[in-house]
Amino acid sequence: SQVLKCSKNRNGDVIIATTSFVGVIDIDAKLTIEIIPKIYNSNDRASLQNLFYMLSYSRQFNIPDKNISNLEKYSGSFFEILVGMFSEELLNKVQNSAHHEYVIDENNHTYLRGKLLMSAHLKSNGFIANKFYIQTDDFTANNILNQTLKFVSTGLYNITTEPDNKKRIRKCLALFDEVDSVRINRAQVSRIKLNRINKRFENLLMLAKLFINNQTLVAKSGKHESWTILIDMNELFENFIAQALKNGLKYSKYNIITQGPQKRFVYNIQDDRAVFVTKPDISIMLQGTVIQIADTKYKILAEDDLKYGVSQADLYQMFAYSRKYRTSDITLIYPMTNNVLPHTLELPDNTRVSERSISLERNIRKEIKNIEKELVSLFIKNREEIKI
């Protein structure tokens, strides 16, 4: 995805503009770009507090309230704060005992222990008398979860510049001494399954996936090991709005479905199969039926534009929703910007598309109950049937 847009003005100056991503881009040893969401006026620290709260509220990470309200205890950029949270929680989890689990190993050994796999033994060893192809089931710390945490810790230790982060990670690595140092990729970390024994590492695994999926630990550019850590605000804004609606409608007769319900939209006649499917960002359901659809757009509305910044593609998409889901009530939700007032557009089939916005320029953690009420009021006309 495009993270930065580059262009030139009339004087030949290079203009760099951000898209919907926030985070850190490390270019080389002398240049690092930090992109902070302006969701709390111009106060960078308050914006980061809002960002971390939205991540936690949307259940992408379980960040304790005390950490969000006291970001000052972590030094440095958005990235260093993430590293600080990761290393602090990891140290707390493993300083008494690293996670152990049973690991099945099938291999050739010079000793006989566990289960002799006769078929594999005869195939691999033939008449070799001092080799045994065996299966062992050991209760060990050398498992894929710990290998992932060690891999991430090693990578973060090499790129963090904050002394406190380095100190905590160094202690963690010492506790992982018996764990193999292996390179972990996206596919491997996605296959890690959590159970009642390792459930306590769920948040650490989420953060590890964030670092690995962003190629923070593996990307290289020339001699300098560059890295990125990026979060798509489009996705975060959608998850945040959906979670706020779920909480606001928790005790009502309505249900909230995200990315659905999916419906086949375009068919390949020859193959008799769907080519495209529709899946609205948010659907408000009543007794199994879609009664309203909400689509979130994390972008600035233009008050001097007749269309207020709404794209033609957005309206085509809403038209498809109205026909496929047979609903005449669709709402586009934007972050509140400038002085654009709420307004409504009418599609050719008389479907009304309401454009509404929600203010993020406040302390979201303290105002979350008000935000939930405001969002519910955008959709539900009869407030008496909802307990908030």
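Tutor: Leaving aside residues up to four places away in sequence, S283 touches N255, I256, I257, G260, P261, V290, Q292 and I293. Keep in mind that this is a predicted model. S283 itself has a relative accessible area of 0%, and because the cut-off for buried is under 20%, it counts as buried.

Now for the strand around it. S283 sits in strand 12, which covers residues 282-286. Strand 12 runs antiparallel to strand 13 (residues 289-296), and five bridges join the two. If you want a landmark for that pairing, find I282, which has A294 of strand 13 standing opposite.

Step back again and you'll see an open sheet of six strands with mixed pairing, in the order 9-12-13-14-16-15. At its edges are strand 9 (255-258) and strand 15 (343-346); each has a single partner strand, so one side of each is left without a neighbour in the sheet. From one strand to the next, the twist averages 25°.

Helix 10, residues 312-325, lies across strands 13, 14, 15 and 16, and runs at about 170° to strand 13.

Definitions and conventions
Residues are numbered from 1 along each chain as its sequence is written. This is a predicted model: local features need pLDDT of at least 70, side-chain atom pairs count only at pLDDT 80 or more; totals for chains, interfaces and linings use all residues. Side-chain values use heavy atoms; hydrogens and water are left out. Helices (H or I, at least four residues) and strands (E, at least two) are DSSP runs, numbered from the N terminus. Buried means under 20% relative accessible area, exposed over 50%, partly exposed in between (1.4 Å probe, protein chains only). Contact means heavy atoms within 4.5 Å. Two strands pair if DSSP finds at least two bridges between them. Axes are lines fitted to C-alpha atoms, for helices over the stretch in contact, and angles run from 0 to 180 degrees between N-to-C directions.
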